[in-house]
Amino acid sequence: MMTIDSMNVRDIAHAGPKASRYAWSVLGVLSVVYLLNFLDRQLLSILAKPIQDELHLSDGQLGRVGGLYFALFYATISIPVAWLADRGNRVRILTVACLLWSAATMACGLSRSYAELVLARMSVGVGEAGGAPPSYSIIADYFPPERRGMALGLFSLATPLGQSLGVALGAGIAEAYGWRMSFLIVGGAGLFAAAATAWWVREPKKGATDRLAEPMIAGTGTGFIATVRMFFTRPVLYLSALAAGACSFCGYAILGFATLFLMRERGMALGEVAIWYALVVGIATAGGIYVSGWLIDRFAVRSRQAYAIVPGVAILACIPFFIGFVYSSSWQWALAFLAAPLFLSVFYLTPAATLVQNSVGAGQRTMTSALLLLVLNVMGLGLGPTYLGAMSDYFRATDPTHSLQLAYQTLIPFFALAALLQYLLSRALAREARIV
């Protein structure tokens, strides 16, 4: 009897109902790994107050360790990792990466100083660099173009689920056993996920499900330099990255200090964070990613400009609700207003990932995903929390009670900038459609 181990993966991908079930099971395993990736990443911001109290850190130090220091390693290491993945075994790279970031997460829980915490977080970034790009490419080779929007949308649901579980588990474990135990338990779970990936997921043939579904630029090579040059000279690709980066700047800045703001300036308790904040983050962001994926699959077949219009309209709609979040006098009202920005600010993720995957050849997918994430994470994960933490430190000298509120106020123009970049992307998509 033929088993999954003995079957050729391309045969699995095209063998009918059983193949389809296996593809969805692969998506499930990759999503769990990605969920743990985001759960690990969110623990620092969720446990910001107890960490800050014990290690005596400023808001600026928290912003840098959770933002700039992490993102620089995460984003830059992802480029050579992606180059290797386009030429080697993506599943093996993903497995090793998961092992590394999980061990580094456990090291965060053992940190006794700011310097040790910085080194541990940098190591988490190095490990997580091998997570998303290979996963995007593997999924693209298990699902045809017309199903990738939904598949990548479901995969992206790991982001809010990881954030929500991170809040619930991180805050709950910290309240019962201390913040260090949260890092140790979550990191340990990642080690089991790495073993499951190595056991179940098989490396698919590159381009196994490709069909001519999206315009591609002819004559571009698949080498490292050729792919980088293509990405940063083709307006649709670099504008997609810049627009997504601007949206993620707003999202990561909000999330990086939301629990600290709610606890320190609005009086929320850690136990309340574990329940109510976790529910709002999970439901709102999961809903936003699912709805955006559904909208893209529905409207992008009619016009590729939907990849930009959908997230552009969504990020503009965030502004009035974000203002309500900033100026609410209680944590209950602040959390209620925060639900809308969390729902709408993630509309960029699935369109950007799907557009890039569908716009390049199979041999460039992992590398272009890494370049997308390089720009997105340096702008968003790197600069968002770093900027907000620095602004909070600046305002703390004159108004220590409301320094984070004042810092959040300065974030409002960045929502408009993100919408402008999405508009420019929509025009580039229209021009490219006319050329093709």
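Buried residues, defined by a relative accessible area under 20% with a 1.4 Å probe and protein chains only, make up 60% of the 436 residues in the protein. The structure is a predicted model, in which local features need pLDDT of at least 70, side-chain atom pairs count only at pLDDT 80 or more, and totals for chains, interfaces and linings use all residues. Residues are numbered from 1 along each chain as its sequence is written, and side-chain values use heavy atoms, with hydrogens and water left out.

The secondary structure comprises 19 helices and zero strands, assigned as DSSP runs numbered from the N terminus (helices, H or I, at least four residues; strands, E, at least two). Helix α16 (residues 349-359) is mostly covered, with eleven of its eleven residues buried; among them are L349, P351, Q357 and S359.

The C-alpha trace spans about 60 × 50 × 35 Å along its principal axes. The radius of gyration, taken over C-alpha atoms, is 21 Å, which agrees with the value near 22 Å that a compact globule of 436 residues would have; the globule rule is 2.2 Å times the number of residues to the power 0.38. Of the contacts (heavy atoms within 4.5 Å) between residues at least 6 apart in sequence, 85% join residues at least 24 apart. The accessible surface, computed by the Shrake-Rupley method with a 1.4 Å probe, comes to about 16,300 Å², and 69% of this area belongs to carbon and sulfur atoms.

A cavity is a set of points, on a 1 Å grid over the protein atoms alone, where a 1.4 Å probe fits but cannot get out, and its lining residues have an atom within 4 Å of a point. Grid points are joined across faces, edges and corners, and a volume is the space filled by probe spheres set on the points. Six cavities of 30 Å³ or more are counted by this rule.

The largest cavity holds about 230 Å³ of space. It is lined by 20 residues, of which F38, T159, Q163, Y252 and Y348 are the closest to its centre. Helices α2 (17-46), α9 (158-177), α12 (235-264) and α17 (365-396) each supply at least two lining residues, and α12 gives the most, with four.

The second largest cavity has a volume of about 190 Å³. Its lining consists of 15 residues, with L44, S45, G66, G256 and P385 nearest the centre. Here α2, α4 (59-85), α12 and α17 each supply at least two residues.

Note on methods:
On a 1 Å grid over the protein atoms alone, a cavity is a set of points where a 1.4 Å probe fits but cannot get out, and a pocket is an open set with protein on both sides within 12 Å along at least five of seven lines; lining residues have an atom within 4 Å of a point. Buried means under 20% relative accessible area, exposed over 50%, partly exposed in between (1.4 Å probe, protein chains only).
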